[in-house]
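User: I'm new to reading structures, so please pick one place where parts pack against each other and take me through it slowly. Start with the overall picture, then zoom in.

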Amino acid sequence: MNHLMIMPIVIPLLTGAFLLVMYRYNIGRQRSLSIGSTLLLVVFAVWAVLQAGLTDYTLYRLGNWQPPFGIVLVLDRLTAIMLLLTALLSLFCVLYASRGSDREGSHFHALLQFQLMGINGAFLTGDLFNLFVFFEVLLIASYALLLHGGGRARSRAGLHYVIINLAGSALFLLALGILYGLTGTLNMADLAHVIANAPEADLPLLKSASLLLMVVFGIKAALLPLLFWLPRAYSAASAPVAALFAIMTKVGFYAMVRVFLVVFGLDDAAPANDTVMAWLWPAALITLALGGIGVLGAASLRTLTAYMVIVSVGILLATFSRNDEQLLAASLFYLLHSTCMTAVFFLLADLIGRYRDNGYDRFSVISPLSHRWVLGSVFLVAAVSMASLPPFSGFVSKAWILQTSSPLPDYLWLWAAILISGLMIIAALSRAGSGWFWRPEEHSATRALAIHKTRPLDHARTATVCVMIAISFSLALFAQPVMDYLEAATRLIYQPSGYVDAVLGDYIHPGREMTE
Amino acid sequence: MELVVAITLGMLTSTGVYLILRARTFSVVLGLTLLSHGVNLFLFSMGRLTTASPAVIGLVENYTDPLPQALVLTAIVISFSMTAFVVVLALKAAVELRSDHVDGEDPNEDRQ
C-alpha cells in the first residue's frame, strides 16, 4: 500500500489544524506555512498524475480493511488531473491572498487548508458516504471563507448559500439512505455491482435515488433551477476566495461523472442513467443560455465572471449529458481551461479595481485608472483566452468539443448554445475592456499621473495573474499530451468494470439474501 | 410500527419543507432542523424496522445492521453543528442587515 496517496488529504488537515492551534503566530509565519503546504500539494499532485499514468487504479485501504467493508481511496487519471488542478489553483490563491486579503479577518489560511482537504478528499474517495462527509468538510470551510472579511453583502449572500447547501445535504442523505436500503452497501464499486444486477422491482427507487443525487450535485455545480445562489455568493466573496471557488462547481461535475458513469453505469443498459441524462440535457442548455444573458447584463466584472462560471458549467453538463467517451475527454479539457480562466478573472477584477479611483469593478462608474497599459494588456490577453480565440487553451478546448460532438444527434443545439454564449462573452468583455481602458479622460489626466506616483503597481499580484494566464497558454501549447492523458482517463471512466474489479479484487458480493 | 414511522417521517419532512419556504430566517432554521430530523429517522429506518434485535453478534439470532446507526451518528453530528452555525449566521445577518428576512430586506416594507 502506498501511503503517498493519502497525503493530499493529510497535509492540509495537519496544516489547517496546526494553524488553528497556533493562531497567535504572526501573519508572515501563517503565510509561509500555508504556501509551503500548497507547494507540497502540488508536488504530490504531480506524483499522482505520474502514478495514475503508470497504473490505471491505485488503491489505498484505510485501516487495511477489505474494500466493501472499509473505506477505500481510489486514484485514477481523472482523480489525478483534478488533484493537480486544485493544487495549482490553491497555490495561486494563497499567493494572491498573502499580499493582504488574508488580513481582512482571522483564520484565513486555516480555513483554506480545510477547504483543500475537503476538495481533495471528495476527488479521492471510493465510498459514497465518505463523499458526503468530504462534501460537508469543503462546504463548512467554504461557508466561513465566503463570510471571511465580513460585511453586509457577504452576510446576505452567505445566508442563501448556507441554507441551500444544508437543504442539499439533507437530500444527499435521503439518496444515500435509499441506496443503502436497497443494496446494503455504500462502496462505489460494490454499489455498481449490485445496481447492475438489481431486480426490475427496485428500478423505480434506484431511479429516484439517482435523480436525488442529480439535484444534490446540481446544487454544487449550479445547474439551472439551482444556480441563483451563485452570482451573488461569488461576487460577494473576496477575490482569492472566489478564485478558489472556481473549482467548487467542478467538484459537483466530477461527482456526477463518478457516480453516474461508474456507480450507475456498470450495466450496459443503465436505465437509471437515461432518465438522468434526459433531464440534464435541456437543463444544461438553458443554464448555458441563462449564463450568456447574465454575462451581458452583469454590472460589475465580478458578477460577469460569476456568470462565466455558469456558462462553463452549462457547457460541461451539456457535453456530459450526451454520454459520449470522446466528448467527455473534450469537456474535461474545457474544465481545466475554464477553471483556470474564471479564477484569473476573479483575481483580475480585484487587481484592476484596486487601481481605479472609484467604483472598484463596476462598469457604470467612469473612473481614472493608473497603470493603464500594464493592466489593459493583461486584461486583453485574459479576455482573448476566455473568449476562446486562438492561440489560447479556450480555442483548443472549444474546437475539440465542437469537433467531437458533430457525429452525435442533436449536435446543432449544442453548437448553437456554445457559439452564441461565446459571442456574448466576447461582446461583454470587449465592452468592459473598452470602457475601462480606452475611454478618454483628459480632465483627469493629471490626477491619474499623481496616483501613478503614489500607488505603485503590486508586482506580486500582477505576476500571479500573469503566471496563471501563462498556464492557460501552455495548456494550448502542450495540448497533445494533455489530450492523450484525458482520453485515457475517460476510457477508464467508460469501463466501470475495470474499476469494480480493481477495487473489489476477488471479493464476490454474497447476494441480496443477506440484506433482506 | 411501519405506519407510525412513515407518518412521523411524512410530518417531519412536510413541515420542514413548509418552514424552509417561509420568508423569515428563524422559521427557515426551524425547517432545516425538522428536515434533518426527518432525514436522520429515514436513514435509521433503512436498517429495517425490527424489535428486540440489538446490533451485537451472538446475543440474539437476528442481529440488526449496525451501519445505518453509524451513518445516523455522523449525520446527527454534522446537522447539529450546521444548525448551530446557521443560527449564528442568521443572527449576524439580522443584526447587520437590520432585517430577519432571508433576502436581507422585506420587499413589502420598501413600498410603504
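Analyst: Chain A has 21 helices and two strands; these are DSSP runs, with helices (H or I) of at least four residues and strands (E) of at least two, numbered from the N terminus. The radius of gyration of chain A, taken over C-alpha atoms, is 23 Å, close to the 24 Å that the globule rule gives for 516 residues, so chain A is as compact as a globular protein of that length. That rule is 2.2 Å times the number of residues to the power 0.38. Along the principal axes, the C-alpha atoms of chain A fill a box of roughly 85 × 55 × 40 Å.

Before zooming in, keep in mind that this is a predicted model, where local features need pLDDT of at least 70, side-chain atom pairs count only at pLDDT 80 or more, and totals for chains, interfaces and linings use all residues. Residues are numbered from 1 along each chain as its sequence is written, while chains are lettered from A and ligands numbered from 1 in the order in which they are written.

Now the close look: helix 8 (residues 203-221) and helix 12 (residues 271-297), both of chain A. Their axes come within 9 Å and cross at roughly 40°. An axis here is a line fitted to C-alpha atoms over the stretch in contact, and angles run from 0 to 180 degrees between N-to-C directions.

Which residues in helix 8 of chain A meet helix 12 of chain A? From helix 8 come A:L203, A:L206, A:K207, A:S210, A:L211 and A:M214, and from helix 12 come A:P271, A:A272, A:T275, A:V276, A:W279 and A:L280. Two residues are in contact if their C-beta atoms, placed from the backbone, lie within 7 Å. Sorted by class, this contact has nine nonpolar, two polar and one charged residues. Nonpolar covers Ala, Val, Leu, Ile, Met, Phe, Trp, Tyr, Cys and Pro, charged covers Asp, Glu, Lys and Arg, and the others, Gly among them, are polar.

In soluble globular proteins, nonpolar side chains tend to be buried together. The largest nonpolar core holds 218 residues, and A:L347 is one of those with the most contacts inside it. Such a core is a set of buried Ala, Val, Leu, Ile, Met, Phe, Trp, Tyr and Cys residues joined through C-beta atoms within 7 Å. Helix 14 (residues 325-354) of chain A gives the most to this core, with 20 residues. Leaving aside neighbours within four places in sequence, A:L347 is in contact with A:Y96, A:A239, A:A243, A:T464 and A:V465.

One more residue is worth a visit. A:G177 sits in helix 6 (residues 152-183) of chain A and counts as buried because 25 other C-beta atoms lie within 10 Å. Not counting residues up to four places away in sequence, A:G177 touches B:F42, B:L43 and B:M46.

Conventions:
Buried ≥ 20, exposed ≤ 12 C-beta atoms within 10 Å, placed from the backbone.
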